[in-house]
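I'd like to walk you through a fold, one piece at a time, so please have a look at the screen.

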Amino acid sequence: VVSGYAYHAYYDGISIPAANRHMENIINNVGAVAGEQSPAIFITEHARWPNKPAVGDWKDVWGNTGNVGGAISAADYLLSQMVIPNVRAAMWHSLGARGPWQLFYLDSRNDRVYPNVVYWGLRVLRQGLLDESLQVRVSSPNTSGYRGGYDVRAVFMREKAGQRYSLMTVNRSN
């Protein structure tokens, strides 16, 4: 008996809306085959894809997964997942301190591990995570030129008891 399905998402090699359309197709196909109306999806890894440069080594762009752009991409993706009922959990790609998709950097001079900007972005989002998410419709002009077609994404959350609320947003524009 299968109670959920694992999904790995890499975005901003393709836009987040394109990645979500792909996942929606999978949800529909799995639901049809498994006879489930709403199969549970567990995103067991997700991260910004570091597009391979036209010239040079792929390792040269690994930093793009953990820089400010990576933090904005990860926050945007997580906000998009909070309003998809099938998604039950979403985990960052890796907790490693070497290679791409690091949440932590290793300073080998003194054997210290310290968090990067993606970690801090995820931590900020965690502070706003409440019981229920409500989608907020935002209209933005896409001045950033993001291929997803927007600058701003927002999710409004509330506690079931209605005592606390949060509004989480990400802005891709300057």
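Let me start with a question: is the crossing of α1 and α2 right-handed or left-handed?

What you see is a predicted model. The protein has 3 helices and 8 strands. Reading from the N terminus, the elements go β-α-β-α-β-β-β-α-β-β-β. As for overall dimensions, the C-alpha trace spans about 50 × 40 × 35 Å along its principal axes. For 174 residues, a compact globule would have a radius of gyration near 16 Å, and the protein has 17 Å, so the two agree.

Back to my question. The crossing of α1 and α2 is right-handed. The residues that make this contact are Ile16, Asn20 and Met23 on the α1 side, and Ser73, Asp76, Tyr77, Ser80 and Gln81 on the α2 side. Sorted by class, that gives 3 nonpolar, 4 polar and 1 charged residues.

Now the geometry. In general, a pair of packed helices is described by the angle between the axes and the distance between them. Here, α1 covers residues 16–34 and α2 covers residues 68–81, and they pack at an angle of about 40 degrees with their axes 10 Å apart. The two helices are therefore oblique to each other.

α2 has another helix partner, so let's turn to that one. α2 packs with α3, residues 117–128, at an angle of about 30 degrees, and the axes are 8 Å apart. The cut-off for roughly parallel is under 35 degrees, which means α2 is roughly parallel to α3. The crossing of α2 and α3 is also right-handed.

Who meets whom in that contact? From α2 we have Val68, Gly70, Ala71, Ala74, Ala75, Leu78 and Leu79, and from α3 we have Val117, Val118, Leu122 and Leu125. By class, the contact of α2 with α3 comes to 10 nonpolar residues, 1 polar and no charged.

Let's take the parallel case. An open sheet of 3 strands runs in the order β1-β2-β3, and its pairing is parallel. At its edges are β1, residues 5–11, and β3, residues 87–92, each pairing on one side only. From one strand to the next, the twist averages 25 degrees. β1 and β2, the latter being residues 41–48, are joined by 7 bridges. If you want a landmark on screen, find Tyr5, which stands opposite Ile41 in β2.

How do the helices sit on this sheet? α1 packs on the sheet and touches β1, β2 and β3, with its direction at about 160 degrees to that of β1. α2 packs there as well, touching β1, β2 and β3, and its direction makes about 160 degrees with that of β2.

Next comes the antiparallel case. Here, 3 strands form an open sheet in the order β6-β7-β8, paired antiparallel. β6 (132–135) and β8 (165–171) are at the edges with a single partner strand each, so one side of each has no neighbour in the sheet. Neighbouring strands are turned by 25 degrees against each other on average, ignoring direction. β6 pairs with β7, residues 152–158, over 4 bridges. In that pairing, Glu132 has Arg158 in β7 as its bridge partner.

And here is α2 again: α2 lies across β7 and β8, at about 135 degrees to β8.

One more piece, and then I'm done: the hairpin. β4 (residues 104–107) and β5 (residues 112–115) run antiparallel and are joined by 4 bridges. Which residue in β5 is the bridge partner of Tyr105? That is Tyr114. Leu106, for its part, has Val113 as its bridge partner in β5. The hairpin has 4 residues between its strands, and Asp111 there takes a positive phi near 55 degrees.

Note on methods
Residues are numbered from 1 along each chain as its sequence is written. This is a predicted model: local features need pLDDT of at least 70, side-chain atom pairs count only at pLDDT 80 or more; totals for chains, interfaces and linings use all residues. Side-chain values use heavy atoms; hydrogens and water are left out. Axes are lines fitted to C-alpha atoms, for helices over the stretch in contact, and angles run from 0 to 180 degrees between N-to-C directions. Angles under 35 degrees count as roughly parallel, over 145 as roughly antiparallel, 65 to 115 as roughly perpendicular and the rest as oblique. A crossing is left-handed if the near helix is turned anticlockwise from the far one by less than a right angle, and right-handed if clockwise. Contact means heavy atoms within 4.5 Å. Ala, Val, Leu, Ile, Met, Phe, Trp, Tyr, Cys and Pro count as nonpolar, Asp, Glu, Lys and Arg as charged, and the others, Gly among them, as polar. Two strands pair if DSSP finds at least two bridges between them. The radius of gyration is taken over C-alpha atoms; the globule rule is 2.2 Å times the number of residues to the power 0.38.
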